[in-house]
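Please look through the sequence and the three-dimensional structure shown here before reading the report.

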Amino acid sequence: METTLLSTRLTLLAVLSLPVMACANHPDIAGKAVVALDGETLGYDTGDDGRRFVKTGERWSTWCTLRNSALSMALDRARDDNPPISGISLDIKREDDGGEPLPNVTMDIGEDFYDGFCPVVATVGDDPHEVDFSTGDCQLRRALDGHPALLVSALFHVKECENQ
């Protein structure tokens, strides 16, 4: 009897957790970014000059959310591909618990983490789950020592951005 009850509880727990797992937000994202660093131009591209869509899987990790009118997206590429840029995050705005602004653009360039305050524009299309994110001509700073990098441009299109 106790084994049957335990089995029933586990089955119920598994069934109740299915909707939560199904809501994982891993949208399709296409786009590219260009960064100037130490006289060199670095590109971050999903493929086909930013027109190929990628999604979470073997080589990429994608994320997007529309929460309380604060839109944000993130795109990371597998580091074993050894890309010059392995990740980018664009947020309309970020604040700490006290309401102070936080850097709203972050990038992983080589082995270093860069961030900055950039004018990110997010445009929601006719479908409220499709969003274009763009920014550019923005100064980023390396977290370790403040070394500058210039985010020349970033333009990404997200399909199926989660709307909470």
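The report goes from the overall fold to the disulfides and then to the aromatic rings.

This is a predicted model, in which local features need pLDDT of at least 70 and side-chain atom pairs count only at pLDDT 80 or more, while totals for chains, interfaces and linings use all residues. Residues are numbered from 1 along each chain as its sequence is written, and side-chain values use heavy atoms, with hydrogens and water left out.

The chain has one helix and 13 strands, where helices (H or I, at least four residues) and strands (E, at least two) are DSSP runs numbered from the N terminus. Read from the N terminus, the order of elements is α-β-β-β-β-β-β-β-β-β-β-β-β-β. Of the 164 residues in the chain, 35% are buried; buried means under 20% relative accessible area, exposed over 50%, and partly exposed in between, using a 1.4 Å probe and protein chains only. Among contacts between residues at least 6 apart in sequence, 50% join residues at least 24 apart, a contact being heavy atoms within 4.5 Å.

A disulfide is a pair of cysteine sulfur atoms within 2.5 Å, and by this rule the count comes to two disulfides. The table gives their sulfur distances.

| Disulfide | S to S distance |
|---|---|
| Cys64 and Cys161 | 2.0 Å |
| Cys118 and Cys138 | 1.8 Å |

Cys118 lies in the loop between β9 (112-116) and β10 (121-124), and its partner Cys138 lies in strand β11 (residues 131-142), 20 residues apart. The torsion about the S-S bond of Cys118 and Cys138 is about -75 degrees, so this disulfide is left-handed. Cys118 is buried, with a relative accessible area of 8%, and Cys138 also counts as buried, at 3%.

The link of Cys64 and Cys161 is left-handed, with -80 degrees about the S-S bond. This pair joins distant parts of the chain, with Cys64 in strand β3 and Cys161 in the loop between β12 (148-159) and β13 (162-163), 97 residues apart. Both Cys64 and Cys161 are buried.

The structure holds one aromatic pair, meaning rings of Phe, Tyr and Trp (its six-membered ring) with centres within 6.5 Å, where planes under 30 degrees apart count as stacked, over 60 as edge-to-face and the rest as tilted. Tyr44 and Trp60 form this tilted pair, 6.0 Å centre to centre with 55 degrees between the planes. Tyr44 lies in strand β2 (residues 40-45) and Trp60 in strand β3 (residues 60-67), so the pair ties together parts that are 16 residues apart in sequence.
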